[in-house]
Amino acid sequence: MSVRVERVYEAPDGGVRVLVDRLWPRGLRKEDAHLDRWAKEVAPSTELRRWFHGPEGEYREFARRYRAELDAPGVRQELAELRALAAEDDLVLLTAVKEPEHSHVEVLLERLGGAG
């Protein structure tokens, strides 16, 4: 299984391209995104995202809360589908965040069993 992370603004470089942000990336037209799928169900909830970007937000606690969200039945199904995609081809997790290693994407990679 090969899973890697790229910013959604970068040119496509092969693999199955899946956007894993809840919000559509600013300044990007849908036809320019070259997506195979938009898996917004695996992104942090709006409430968690707002908490993390607020004055109380702290990464370790965010990651703990996000892991709990990833355990919800509908989200687990989506994770299983992403694992199946990764078993067939390179899976590229796309995000608009500037620092993926300090975001939900790092936790998602952990859950998918990806190397990063």
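1. Helices (H or I, at least four residues) and strands (E, at least two) are taken here as DSSP runs, numbered from the N terminus. On that basis the protein chain contains four helices and four strands. The model is a predicted one. Read from the N terminus, the order of elements in the protein chain is β-β-β-α-α-α-β-α.

2. Overall dimensions come next. The radius of gyration of the protein chain is 13 Å, which agrees with the value near 13 Å that a compact globule of 116 residues would have. The C-alpha trace spans about 40 × 30 × 25 Å along its principal axes. Of the contacts with a separation of 6 or more, 60% are made by residues 24 or more positions apart.

3. On burial and surface, 37% of the 116 residues of the protein chain count as buried.

4. As to charge, the protein chain carries 19 positive and 23 negative side chains. The centres of these two sets lie 5 Å apart. Side chains of opposite charge can pair when their charged atoms come close. The count of salt bridges in the model comes to ten.

5. Which residues pair with glutamate 6 in salt bridges? One partner is arginine 4, with the closest N and O atoms 3.0 Å apart. Another is arginine 17, for which the closest N and O atoms are 3.5 Å apart. Glutamate 6 belongs to strand β1 (residues 3–7) and arginine 17 to strand β2 (residues 16–19), so their pairing ties together parts that are eleven residues apart in sequence.

6. Is glutamate 6 buried or exposed? Its relative accessible area is 8%, and the cut-off for burial is under 20%, so glutamate 6 is buried. Arginine 17 is buried as well.

7. A further salt bridge concerns two helices. The side chains of glutamate 110 and arginine 67 meet with an N to O distance of 2.8 Å. Glutamate 110 is located in helix α4 (residues 104–112) and arginine 67 in helix α2 (residues 59–70); the pair therefore ties together parts that are 43 residues apart in sequence. Both residues count as partly exposed, glutamate 110 at 47% relative accessibility and arginine 67 at 27%.

8. Which residues of α4 are buried? They are His104, Val105, Val107, Leu108, Leu109 and Leu112. The buried residues of α4 pack against β1, α2, α3 (73–88) and β4 (91–95). Helix α4 is thus a point of reference for two features, since glutamate 110 of α4 pairs with arginine 67 of α2, and the buried residues of α4 pack against α2 among other elements.

9. Glycine 113 follows α4 and has a positive phi, near 80 degrees. Histidine 34, a residue other than glycine, also has a positive phi, near 55 degrees. Where is histidine 34 found? Histidine 34 sits in the loop between β2 and β3 (37–38). With 45% relative accessibility, histidine 34 counts as partly exposed.

Notes. Residues numbered from 1 in each chain as written. Predicted model: local features only at pLDDT ≥ 70, side-chain atom pairs only at ≥ 80, totals over all residues. Heavy atoms only, no water. Rg over C-alpha atoms; globule rule 2.2 N^0.38 Å. Buried < 20%, exposed > 50% of the residue type's maximum accessible area, 1.4 Å probe, protein only. Contact = heavy atoms within 4.5 Å. Lys, Arg positive; Asp, Glu negative; His and termini not counted. Charge placed at Lys NZ, Arg CZ, Asp CG, Glu CD. Salt bridge = Lys/Arg side-chain N within 4 Å of Asp/Glu carboxyl O.
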